[in-house]
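I opened a notebook page for this protein.

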Amino acid sequence: MFPVTGDGTRQAGTEGWPAAAFGEALRAFRDQAGLTREQLARAADIDRSVLSRLERGQYRHRLSERTLTDLSAALTCGDALFEAAGRPAPTIQKLITDPALARALANPGAAHRALRKLHLAEIAASVAGPLFVPDGRAVDVVRLWNAVRERADLNSARPPEVGPGRHAQTPVARRFLISHATAHLLLETECRWPYIGSESETEASELGGLLLTPPGPLTQAVRAAFSAGLNPWEADADGLIAAVADYLLIPGWLAAYRIGDFPGIHLQLLPVDEEPV
């Protein structure tokens, strides 16, 4: 056991404690809440000097669950600080009843990537609705942007301008770039942990791809490709990728990514009357 310090933390070495990343996240949430260090320290019942060292990444003790909980409550940031600290959140800890799951959560990198992927899928599903172009096949990115803007209670009435890049003038590229900007807006207003630096671009790209490829339309695109005579038993999968990309009006690389991440694609090989109930 580690000795308990005066503020309720347990002393430990720096190994496994992402102090710098946690400090950036803590400072970002404090700025977002509009609180001074003194105000946050008072609200979370923590010494101001400890808070200052935490934000600078210079705190050499492992934070207790109580301290993380009090900071999270004061900042109303859900489980984000637990994630930034490399610790399973209380809501996740309640799920640790299986030894295999416990071992998975003991690996912060793998566990966090899995949890973030689930969270991105949850955010994408939360904005699903009648957001398709008239033929019902592809997502209407302008309506998507407006729907997210209304959820965020923003005043901008127009989708973001697409930059002057070489590929930015194609319809498919414009659609993806608008969905990418929409994803950034969702991450800024609805995610439960901070996305800092280059990481935000990675998460926005993944979320933007999920917004353009909801499970229903993705399934329809795969089925349409097979119904059109595409042979799924051929060694070359380019035909399927191109067919899905054309059906959903998405980049080919995104079609390849989502097909590879589509767990039920083998079921699309079955005739409709042979599908398992």
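The entries below follow the order in which I looked things up.

**Entry 1: ground rules**

I noted that this is a predicted model, in which local features need pLDDT of at least 70, side-chain atom pairs count only at pLDDT 80 or more, and totals for chains, interfaces and linings use all residues. Residues are numbered from 1 along each chain as its sequence is written, and side-chain values use heavy atoms, with hydrogens and water left out.

**Entry 2: overview**

I found 14 helices and 2 strands in the protein. Helices (H or I, at least four residues) and strands (E, at least two) are DSSP runs, numbered from the N terminus. Of the 277 residues, 39% count as buried. Buried means under 20% relative accessible area, exposed means over 50%, and partly exposed is in between, with a 1.4 Å probe and protein chains only. I also looked up contacts, meaning heavy atoms within 4.5 Å. Among contacts with a separation of 6 or more, 62% are between residues 24 or more positions apart.

**Entry 3: helix 1 and helix 4**

I checked how these two helices pack. The angle between helix 1 and helix 4 is about 30 degrees, and their axes are 10 Å apart. Axes are lines fitted to C-alpha atoms, for helices over the stretch in contact, and angles run from 0 to 180 degrees between N-to-C directions. Helix 1 and helix 4 are therefore roughly parallel to each other. The cut-offs are under 35 degrees for roughly parallel, over 145 for roughly antiparallel, 65 to 115 for roughly perpendicular, and oblique for the rest. From helix 1, Phe 22, Leu 26, Phe 29, Arg 30 and Ala 33 meet Leu 68, Leu 71 and Leu 75 of helix 4.

Which residues of helix 3 are buried? In helix 3 (residues 48–55), I listed Val 50, Leu 51, Ser 52, Leu 54 and Glu 55 as buried. Their cover includes helix 1 (19–33), helix 2 (37–44) and helix 4 (65–75).

Gly 23 lies in helix 1 and is buried, with a relative accessible area of 0%. Not counting residues up to four places away in sequence, Gly 23 touches Leu 54 and Glu 55. The C-alpha atoms of Gly 23 and Gly 57 are separated by 5.1 Å, although the two are 34 residues apart along the chain.

**Entry 4: positive phi without glycine**

I kept a general rule in mind: most residues other than glycine have a negative phi. Asp 45 is not a glycine, yet has a positive phi of about 55 degrees. Asp 45 is in the loop between helix 2 and helix 3 and is exposed, with a relative accessible area of 69%. Leu 249 is not a glycine either, and has a positive phi of about 60 degrees. Leu 249 lies in the loop between helix 13 and helix 14 and is partly exposed, at 34% relative accessible area.

**Entry 5: the cores**

Nonpolar side chains tend to be buried together in soluble globular proteins. A nonpolar core is a set of buried Ala, Val, Leu, Ile, Met, Phe, Trp, Tyr and Cys residues joined through side-chain atoms within 4.5 Å. The largest core has 37 residues, and those touching the most other members include Leu 186, Leu 212 and Ile 250. Helix 8 (108–126), helix 9 (141–151) and helix 11 (199–212) are among the elements that give two or more residues to this core. Helix 10 gives the largest share, 6 residues. Another core, of 25 residues, lies apart from it, with Leu 40, Ile 46, Val 50 and Leu 75 among them.

Leaving aside neighbours within four places in sequence, the contacts of Leu 212 include Val 139, Phe 176, Ile 250 and Leu 254.

**Entry 6: one aromatic pair**

How many aromatic pairs are there? Rings of Phe, Tyr and Trp (its six-membered ring) pair if their centres lie within 6.5 Å; planes under 30 degrees apart count as stacked, over 60 as edge-to-face and the rest as tilted. By this rule I counted 1 aromatic pair. Phe 176 and Trp 253 form it edge-to-face, at 5.2 Å centre to centre and 80 degrees between the planes. Phe 176 is in helix 10 (residues 171–190) and Trp 253 in helix 14 (residues 252–260), 77 residues apart. Phe 176 is buried, with a relative accessible area of 9%.
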